[in-house]
Amino acid sequence: MVIEMELIEKLAILADGAKYDASCSSSGSRRISKNTFGNTSFSGICHSFSSDGRCISLLKILMTNCCMFDCKYCLNRKSNDIKRAIFTPEEVCKITINFYKRNYIEGLFLSSGIIKSPDYTMELMIETIELLRKKYHFGGYIHAKAIPKCSEYLLKKLGFLVDRLSANIELPTDEGLKLLAPNKNSSNVNKIMNYINNNKSKKFVPAGQSTQMIIGATKETDLDVMKKSEFMYNKYKLKRVFYSAYVPVNKDKLLPTIKIPPLTRENRLYQADWLLRFYNFKVEDILDKKNPNFNLLLDPKADWALRNLNEFPKEVNTCSYQDLLKIPGVGIVSAKRIIKSRNLFNITFKDLKKMGIVLKRAKYFLTCNGRYFMDINFFKSSFIEKNLILEDKKNITENIEQLTLFNE
Amino acid sequence: MNKSKSIFLYNYSFLSLLNLIKKLIQNKIVPNDIKNYDYQANLFDNTINLKVPEDEKVINDIINHFGVNILNIMFKVFLSNEQYKELIIYYFWLYSIKYKNKVVYMRNLKVVNKALKISKYVGKEAHRLKGFLRFSELENNVLYAEMAPENNIIIFLSMHFKKRLKNEFWIIKDVKRGILSVYNKKDYFFINENEYKLLTKNVSNEEKNIRNLWKTFYKNISINERKNIRCQMNFMPKKYWQYITEMRDDNEENYK
């Protein structure tokens, strides 16, 4: 009974230490169960949602929250006076297997503070995951964090055991890292990303790699953040970049004094990230030196469309697929539907709604058979902007509170 | 004038429904409604039982003429909770004759749009429950889960867990419909709750500890500064909470 008490306390501490990592995705891997216990689902499965509204798909824990590093923003930094714990490999396996069996989780997301040395930490993680794969024949999803400055042969070993491997870049510029994470530098992380990208195969990190940046802990602009993302997507073929609104867990004169994480900004970055990956936008389309930060009142696509109103309105019955994607309120799925359907019949405003287009945004930027949804004289940037913001008013009143606190 | 409504009856199964609809279309009969044998006829109803044989050929007919995608849509509509689902399948079939596999792009047609929406909803609920279903380990090592979904999606879950937990004995119960899916490490079969009695509902010794570990994890993984209950409920609607381990109070745990 005493042992159980210990395990539950460890789990509480090591889940607490892991929760600031935004990634919980379990998609992108086709691990078919032959003689294994469990499999993966290519589309990923969310098993629960915590009270912050984030998906729980994986058992997200740290091997240990002991850490040699002293990154200013991190709960687990060396100088923090908190309870420390370390799992044994068997304990991690026991929890993973029992949770998986009951369908609580899709798999394991193992990260760690850096204990003794990067290689020692990696070896501990590898021992755990190897035990899980080989002794327990676990065939579910495993996402592991690669520890910067570890040896290449350990990276190789770990990569063959997991579905996803990731290293967090944490901050978009070296200046930011120097300030808040003096033990880290981007070249170590780049080295890992480069190695994974060069060796990726069906057996090695099949679900690809991802990374994370903390938003709002340093002075970097959205332009800095997005430029970094674009660079990493192109150079290392990352599956995802996660953006994590800075949560003030530590007091430090180098850290901003905010009470509420910049969630709206985080949301805008995700929206822009989508535009880069799926809508063929480039960073310079949506941000520039004059406007280095996103408009918090409008989503990046609508904001872009208003600044480029000369390209609109688009005629849904004739314009190209690429042009459809540029219309606010039209997504990938609905753009494809429009293309397929308009070969069969002439699309009207009523049909658009049935096809899943968000008409309250899209209607300002398109015509159906040459008709605008109202008097075309109202097709003006100021009028549309005002109305789009009014449509979102409900959300905005909530966000304003956050904004004012954020700017304190 | 004859005001009575002609209501055609089928024998519960998807196959029976498809054969009936095929027959109706061949004979150019437009039904007022199609219902299964449970239907309680009222005074003005004219219920008709054509007793069409359940021929599996109809499945291939649909796949060959319209594509497997159309069959899937029909099947999902059939598993839905929609009051007029049979009639929707009938009209969807008629439009499929006209537009073949392109019928899925004809959202301007009301019935087609409806069928696609229902089908998507059923698929979405099946996907959700692949995540939200919770097994308990019984004292005889059987994994047992209860659920009460809106739609009859037990077949999708059974296919999923047959692959995932292939070396475990498991039972999934749809409490709303009184159906169990029982898996014997080889295959699963469906059985009515009246015809099957669980050997035990007592959970294993470990079960309580594991549930507590899970609840501890669940509580600690949430970031309080980001609390957003509305967002949580959007993704995980309250109607499912009753059967989700981490959303239940300890003192209302069922099947102790």
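Analyst: By the distance rule applied to this predicted model, 6 salt bridges cross the interface of chain A and chain B. One of the pairs that meet in a salt bridge joins the side chains of Arg102(A) and Glu137(B), at 3.5 Å from N to O. Polar contacts are also present: 25 residue pairs, both members at pLDDT 80 or more, are counted between chain A and chain B.

On the side of chain A that touches chain B, the elements giving two or more residues include the helices α1 (2-16), α2 (89-101), α8 (263-278), α12 (332-342), α13 (349-354) and α16 (393-406) of chain A. The strands β1 (48-49) and β3 (58-62) of chain A belong to that list as well. The greatest contribution is that of α1(A), with 7 residues. Sorted by class, this side of chain A has 27 nonpolar, 17 polar and 17 charged residues.

As to extent, 61 residues of chain A are in contact with 52 residues of chain B. The size of an interface is often expressed as the accessible area lost when the parts come together. Here the area buried between chain A and chain B is about 5,200 Å², and carbon and sulfur atoms give 58% of that area. Of the area that chain A buries against chain B, 14% is supplied by Arg102(A), Tyr104(A) and Lys354(A), more than by any other three residues.

Terms used:
Residues are numbered from 1 along each chain as its sequence is written. Chains are lettered from A and ligands numbered from 1 in the order in which they are written. This is a predicted model: local features need pLDDT of at least 70, side-chain atom pairs count only at pLDDT 80 or more; totals for chains, interfaces and linings use all residues. Side-chain values use heavy atoms; hydrogens and water are left out. Contact means heavy atoms within 4.5 Å. Buried area is the accessible area (1.4 Å probe) that two parts lose on being put together, summed over both. A salt bridge is a side-chain nitrogen of Lys or Arg within 4 Å of a carboxyl oxygen of Asp or Glu. A polar contact is a pair of N or O atoms within 3.5 Å; within protein, one must be able to donate a hydrogen and the other to accept it, and residues adjacent in sequence count only if both atoms are side-chain atoms. Helices (H or I, at least four residues) and strands (E, at least two) are DSSP runs, numbered from the N terminus. Ala, Val, Leu, Ile, Met, Phe, Trp, Tyr, Cys and Pro count as nonpolar, Asp, Glu, Lys and Arg as charged, and the others, Gly among them, as polar.
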